[in-house]
Amino acid sequence: MSKRMHVRVIVHRKVEFQHAQGKGEGVLLDLSLKGCGIQGVYPSSSGSQLRLQLWLPDQPQPVKVELAAVQWIKNNQFGVSFLTMSPDAQARLAQVFQLLLEAQQQP
């Protein structure tokens, strides 16, 4: 298995996704500024593209990822990389990510 390129934080929050075959939802397992891991059934294959809505802590509305690509699928989990997000969504993601990172690094 290759080493991850970006720091990730553990988070268990709702995520909704939309793909060519329909819609689904799952649980966000981990998060970086460039991607995330999701627990949920994804009916397609690696390389597929989808849209995401990430329900993150302290955010009244979901952070929307306009375009993401599935990097791997194993059992009922899959990983995605974020390809396109609005500047506002990127800023909100960065703010929440930093707070989660700081919280997880405290003893």
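**Close-up views of a predicted model**

**View 1. Asn75 in the loop between strand 5 and strand 6.** Asn75 is placed in the loop that lies between strand 5 and strand 6. The structure shown here and in the following views is a predicted model. The phi angle of Asn75 is near 55°, a positive value in a residue other than glycine. Asn75 counts as exposed because its relative accessibility is 73%, the threshold for this class being over 50%.

**View 2. Asp58 in the loop between strand 4 and strand 5.** Asp58 is located in the loop between strand 4 and strand 5. Although Asp58 is not a glycine, its phi is positive, at about 60°. With a relative accessibility of 71%, Asp58 is classed as exposed.

**View 3. The aromatic pair of Phe17 and Phe78.** One aromatic pair is found when the whole structure is searched. Its members are Phe17 and Phe78, arranged edge-to-face, with 5.4 Å from centre to centre and 85° between the planes. The pair links distant parts of the chain, since Phe17 belongs to strand 1 and Phe78 to strand 6 (residues 77-84), 61 residues apart. Both Phe17 and Phe78 are buried.

View 4. Cys36 lies in strand 3 (residues 35-39). Cys36 is buried because its relative accessible area is 0%, where buried means under 20%. Leaving aside residues up to four places away in sequence, Cys36 touches Arg8, Leu28, Asp30, Leu31, Leu52, Phe78, Gly79, Val80 and Phe82. A separation of 20 Å lies between the C-alpha atoms of Cys36 and Ala20, which are 16 residues apart along the chain.

View 5. The structure contains two salt bridges. Arg8 counts as partly exposed, at 26% relative accessibility, whereas Asp30 is buried, with a relative accessible area of 13%.

**View 6. The salt bridge between Lys14 and Glu16.** Lys14 forms a salt bridge with Glu16, in which the closest N and O atoms are 3.2 Å apart. Lys14 is partly exposed because its relative accessibility is 37%, a value that falls between the limits of 20% and 50%. Glu16 also contributes to the lining of the pocket in View 7.

**View 7. The second largest pocket.** The space in the second largest pocket amounts to about 190 Å³. Its lining consists of Glu16, Phe17, Gln18, Lys23, Gly24, Glu25, Arg51, Leu52, Gln53, Lys64, Val65 and Glu66. Strand 1 (9-19), strand 2 (22-31), strand 4 (49-54) and strand 5 (63-74) are the elements that each give two or more residues to this lining. By residue type, the lining of the second largest pocket divides into three nonpolar, three polar and six charged residues.

Note on methods:
Residues numbered from 1 in each chain as written. Predicted model: local features only at pLDDT ≥ 70, side-chain atom pairs only at ≥ 80, totals over all residues. Heavy atoms only, no water. 1 Å grid on protein atoms, 1.4 Å probe; cavity = no way out; pocket = protein on both sides within 12 Å on 5 of 7 lines; lining within 4 Å. Points joined across faces, edges and corners; volume = space filled by probe spheres on them. Helix = DSSP H or I, 4+ residues; strand = E, 2+ residues; numbered from the N terminus. Nonpolar A, V, L, I, M, F, W, Y, C, P; charged D, E, K, R; others polar. Salt bridge = Lys/Arg side-chain N within 4 Å of Asp/Glu carboxyl O. Buried < 20%, exposed > 50% of the residue type's maximum accessible area, 1.4 Å probe, protein only. Phe/Tyr/Trp six-rings, centres within 6.5 Å; stacked < 30°, edge-to-face > 60°. Contact = heavy atoms within 4.5 Å.
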